Amino acid sequence: MASPGPTCQLVGTIKGIGQQPILFQYRYQGQEHTDTVRAVHDQFRYTAHPSDDGTIDLIIDRSQWTSFWYEPGKVLVSGSSSTPHQLTFTGTPNNEVHTQYRRQIEWPYYATVQKALAAGQSTLPLRQQRVRQSLQFVEQHLASQASTDILLWQTRYDETQAETYRRLLARMPKAQQESVQGREIAKRLVILRNMPVVGKVATNFTMPDTAGVATSLASFRGRYVLLDFWGHWCGPCLRVMPQLSALHQQYGQRVAFVGVAAESARDKPLWLRAIRQHHAGWAQLSELAGDESPVLTQYNITAFPTYLLLNPQGVVLARTSDVEQLTQALAALPKP
């Protein structure tokens with residue numbers, strides 16, 4: 001596939017990669033593509049192809065990959081194979097900005113999160129700080145296409161900043177507003193405007209339970225309801241299952257616990273096994289639609305776990321990803 005106009009040349013040195021193959025994955029004209037380049041003595045060269053959204057994934061380890069921007073010119077890649085998510089990309093404008101963002105905000109954030117998790121501390125304040133820092137960074141780099149991508153990711157992290165997202169997008173150049181990321185941000189703003197948040201009635205939905213029986217949210221009307229959005233693949237979800245189970249024992253007579261799992265059809269056996277292993281003995285539902293779940297999209301579920309506590313009229317009393325905040329919300333319910 002020929003690249004029109006000036007090419008994007010990657011010249012890389014990745015310590016420890018030796019002769020290992022490097023994968024480059026991208027979507028072009030709606031089709032997924034993968035190119036493979038083999039390193040020689042920790043070094044490689046790659047002529048990149050354009051992608052629909054301007055980004056290309058560089059994969060050494062599928063559990064820790066990174067991405068760069070397709071831009072005409074020479075992109076210098078450096079780093080270590082032991083930290084493949086921390087490769088640096090320099091030499092072209094968007095790659096310079098994105099590398100600055102990663103060094104300044106993203107990498108320190110992940111390091112502090114790991115420390116907080118090891119200490120058993122809540123990561124919520126760290127996530128909130130990251131959003132604030134990211135939005136300040138975007139505002140300082142409004143003319144960079146990389147900022148459009150950063151802003152898109154923020155719309156998935158924090159639903160409370162919708163007006164700030166709208167304002168920042170409006171100040172970006174028209175080309176960025178009309179880019180893949182810009183159009184996706186516009187869609188996200190609609191979702192954020194309509195999603196169930198505290199004070200709103202949660203939209204009714206119907207989906208199958210573990211036996212395939214259709215169950216609607218409306219069937220729980222008249223009771224307090226806790227919606228637990230989770231998945232068998234979600235480490236943080238599984239780690240707090242003992243706490244959730246204890247809350248179910250404490251409040252299960254007054255509050256209907258309802259698990260809503262983001263699962264694919266092929267992973268149904270793993271979902272059922274996780275329910276058994278973690279003694280999640282309350283209503284468990286899933287569309288088995290994976291990332292294409294209409295309910296997860298409509299409810300704007302982008303973090304797992306996410307908890308929604310509803311009153312008997314279906315109004316959202318609390319929305320959080322923090323089990324400690326959930327515990328406090330349950331404790332604040334009127335006494336029977």
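Reader: Is phenylalanine 89 buried or exposed?

Author: The model is predicted, so local features need pLDDT of at least 70 and side-chain atom pairs count only at pLDDT 80 or more, while totals for chains, interfaces and linings use all residues. Residues are numbered from 1 along each chain as its sequence is written, and side-chain values use heavy atoms, with hydrogens and water left out. Buried means under 20% relative accessible area, exposed over 50%, and partly exposed in between (1.4 Å probe, protein chains only). Phenylalanine 89 has 0% relative accessibility, so the residue counts as buried.

Reader: How many aromatic pairs are there?

Author: A pair of aromatic rings is described by the distance of the centres and the angle of the planes. Rings of Phe, Tyr and Trp (its six-membered ring) pair if their centres lie within 6.5 Å; planes under 30 degrees apart count as stacked, over 60 as edge-to-face and the rest as tilted. By this rule the count is 10.

Reader: What type of aromatic pair do phenylalanine 24 and phenylalanine 44 form?

Author: Phenylalanine 24 is in strand β2 (residues 21-28) and phenylalanine 44 in strand β4 (residues 43-48), so the pair links distant parts of the chain, 20 residues apart. Here helices (H or I, at least four residues) and strands (E, at least two) are DSSP runs, numbered from the N terminus. Both phenylalanine 24 and phenylalanine 44 are buried. Their ring centres are 6.2 Å apart with 45° between the planes, and the pair is tilted.

Reader: What type of pair do the rings of phenylalanine 68 and phenylalanine 89 form?

Author: Phenylalanine 68 lies in strand β6 (residues 66-69) and phenylalanine 89 in strand β8 (residues 88-90), so the pair ties together parts 21 residues apart in sequence. Phenylalanine 68, at 1% relative accessibility, counts as buried. The ring centres are 5.4 Å apart and the planes are at 20°, so the pair is stacked.

Reader: Which residues form one aromatic cluster?

Author: The tilted pair contributes phenylalanine 24 and phenylalanine 44. The stacked pair contributes phenylalanine 68 and phenylalanine 89. With a tyrosine included, the cluster is Phe24, Phe44, Phe68, Phe89 and Tyr46.

Reader: What is the order of strands in the open sheet of 5 strands?

Author: Strands of a sheet pair through backbone hydrogen bonds, either parallel or antiparallel. Two strands pair here if DSSP finds at least two bridges between them. β13 (283-285) and β15 stand at the edges with a single partner strand each, so one side of each is left without a neighbour in the sheet. Pairing in the sheet is mixed, and the order is β13-β12-β11-β14-β15.

Reader: How many bridges join β14 to strand β15?

Author: On one side, strand β11 (residues 224-230) is joined to β14 by 5 bridges, and these two run antiparallel. In that pairing, leucine 226 has leucine 309 as its bridge partner, and aspartate 228 has tyrosine 307. Tyrosine 307 also stands opposite threonine 320 in β15. Strand β15 (residues 316-320) runs antiparallel to β14, and the bridges that join them number 4.

Reader: How many residues of strand β14 are buried?

Author: Thr306, Leu308 and Leu310 point one way from β14, while Tyr307 and Leu309 point the other way, and all are buried. The strand (residues 306-310) is therefore largely enclosed by the rest of the structure, the buried residues being 5 of the 5.

Reader: Which residue in the hairpin of β14 and β15 takes a positive phi?

Author: The hairpin has 5 residues between the strands. The phi in question is near 85°, and the residue is glycine 314.

Reader: Which cysteine is joined to cysteine 234 by a disulfide?

Author: A disulfide is a pair of cysteine sulfur atoms within 2.5 Å, and a search of the whole structure finds 1. The link is right-handed, with 75° about the S-S bond, and both of its cysteines are buried. The S to S distance is 2.3 Å, and the partner is cysteine 237.

Reader: Is alanine 143 buried or exposed?

Author: Alanine 143 is found in the loop between α2 (124-140) and α3 (145-157). Its relative accessible area is 66%, so alanine 143 is exposed.
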